[in-house]
Amino acid sequence: MKLLNRSALSVRPTRHFVDWINALEPTVGDDDLTLDDVERESTVYLIPEMDTPEALEAFVRERYLEILETELRAWEEDERQWPEALDWALFQRFLQIEHSYLAIDLDDETALEISEVDDSLLLETDQD
């Protein structure tokens, strides 16, 4: 086990986010995604170590747009289909966050790799 010098931010969708996804391609009844379906696709972001709620809130407020755009892009690449106002209120309506102070790597065999996030990486994840 390795203790990482990071905290973690789990980003989970809300019902409003799922409603937006379902509105992208309207379907009939059982074909709609549920909150449970979309929660399986939730994201964990490694962030600097945060030891106070105030530091965490300041960090999230500073980076919310980047997180929101990443989450929207994972479901829809065409930004014209995104909600009109990408603001703090939309972030709070679409996403809920959970903070973990510690991040521990349980994989003793595979070295951590660092890659830049881009659309092709997001698409690979969607296809798995």
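The model is predicted: local features require pLDDT of at least 70, side-chain atom pairs count only at pLDDT 80 or more, and totals for chains, interfaces and linings use all residues. Residues are numbered from 1 along each chain as its sequence is written, and side-chain values use heavy atoms, with hydrogens and water left out.

The protein chain holds five helices and five strands. These are DSSP runs, numbered from the N terminus (helices H or I, at least four residues; strands E, at least two). Their order along the sequence is β-β-α-α-β-α-α-β-β-α. Of the 128 residues, 30% are buried, that is, under 20% relative accessible area with a 1.4 Å probe, protein chains only. Contact means heavy atoms within 4.5 Å. Among contacts between residues at least 6 apart in sequence, 76% join residues at least 24 apart.

Helix H1 (residues 15-24) packs with helix H3 (residues 53-75): their axes come within 11 Å and cross at roughly 35°. Axes are lines fitted to C-alpha atoms over the stretch in contact, and angles run from 0 to 180 degrees between N-to-C directions. H1 contributes Phe17, Trp20, Ile21 and Leu24 to the contact, and H3 contributes Glu71, Leu72 and Trp75.

Glutamate 71 lies in helix H3. Glutamate 71 is buried but has no salt bridge, defined as a side-chain nitrogen of Lys or Arg within 4 Å of a carboxyl oxygen of Asp or Glu. Arginine 73, the nearest side chain of opposite charge, is 10 Å away. Apart from neighbours within four places in sequence, glutamate 71 contacts Val11, Phe17, Thr43, Tyr45 and Leu95.

Methods
Buried means under 20% relative accessible area, exposed over 50%, partly exposed in between (1.4 Å probe, protein chains only). Lys and Arg count as positive and Asp and Glu as negative; His and the chain ends are not counted.
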